[in-house]
Amino acid sequence: MKDQDTRDILCAYSQIKNAKTQQKILFLVQIAATIPKPCGERQSEQGDSIVMRAKAYVEANIKDRTLDPSRLATAIGISLRRLQELFAERDLNIASYIWQCRLEVAAKLLEAPGSGHLSLGSVAESCGFADQAHFSRRFKALHGMTPSEYRATLIVQTQ
């Protein structure tokens, strides 16, 4: 039983005025607490597999502007809530992971030799960003500089 479930039960319990009903609820909570939890290792392995599939899907579909947590969950055949739980168990956030992947691909594109002819708009588009301004703000938040500054820094370093 999850902590939130226990809190919900205890909250409902405190609102019940009938002593016999309260005793029954306490008895059920005590029984539930004694039920063994599923084997964590097996569950963890299954969760790892699902998260790996989700990450692979993100990487394969990074250019898709409509890729978001709910679409990802649907694509891999799991509920959004469960996917969020699995990511959270690994100290990850789905949306943040998608944005980080997009920004990593963008940085690689900007670093690639011969990519100087690509406009920042086309780099943004090829990484799944709907507009260049949003791309620039996210990129600067992660790298501490705008994409054009990043590209200029790379050009100076290679000369």
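Tutor: One definition to begin with: helices are DSSP runs of H or I with at least four residues, strands are E runs of at least two, and both are numbered from the N terminus. Keep in mind that this is a predicted model.

Student: Okay, what pattern does the chain follow along the sequence?
Tutor: Reading along the sequence gives α-α-α-α-α-α-α-α-α. The chain has nine helices and zero strands.

Student: How much of the chain is buried?
Tutor: 25% of the 159 residues count as buried. As for contacts between residues at least 6 apart in sequence, 54% of them join residues at least 24 apart.

Student: Let's zoom in on α6. What span should it have, and does the model agree or disagree?
Tutor: Helix α6 covers residues 94–111, which is 18 residues, so at 1.5 Å a residue it should span 26 Å. The C-alpha atoms at its ends are 26 Å apart, which agrees.

Student: And what caps the N-terminal end of α6?
Tutor: That is Asn93, with a side-chain oxygen 3.0 Å from the backbone nitrogen of Ala95.

Student: Which residues of α6 are buried?
Tutor: Ile94, Tyr97, Ile98, Cys101, Arg102, Leu103, Ala106, Ala107 and Leu110.

Student: How do the axes of α6 and α8 cross?
Tutor: The axis of α6 comes within 10 Å of that of α8 (residues 132–143), and the two cross at roughly 90°. Angles of 65 to 115 degrees count as roughly perpendicular, so that is the word for α6 relative to α8.

Student: Which residues make that contact?
Tutor: From α6 there are Trp99, Leu103, Ala106, Ala107 and Leu110, and from α8 there are His134, Phe135, Arg138, Phe139, Leu142 and His143. By class, the contact has eight nonpolar, two polar and one charged residues.

Student: New topic: where is Ser115?
Tutor: Ser115 is in the loop between α6 and α7, the latter being residues 120–126.

Student: Is Ser115 buried or exposed?
Tutor: Buried: the relative accessible area of Ser115 is 5%, and the cut-off for buried is under 20%.

Student: What does the side chain of Ser115 reach?
Tutor: The side chain of Ser115 reaches the backbone oxygen of Leu109 at 2.7 Å. A polar atom of that side chain also lies 2.7 Å from the backbone oxygen of Ala112.

Student: And which residues does Ser115 touch beyond four places away in sequence?
Tutor: Leu109, Leu110 and Arg151.

Notes. Residues numbered from 1 in each chain as written. Predicted model: local features only at pLDDT ≥ 70, side-chain atom pairs only at ≥ 80, totals over all residues. Heavy atoms only, no water. Expected span 1.5 Å × (residues − 1). Buried < 20%, exposed > 50% of the residue type's maximum accessible area, 1.4 Å probe, protein only. Polar contact = N/O pair within 3.5 Å; in protein donor to acceptor, adjacent residues only side chain to side chain. Axes fitted to C-alpha atoms, helices over the stretch in contact; angles between N-to-C directions. Parallel < 35°, antiparallel > 145°, perpendicular 65-115°, else oblique. Contact = heavy atoms within 4.5 Å. Nonpolar A, V, L, I, M, F, W, Y, C, P; charged D, E, K, R; others polar.
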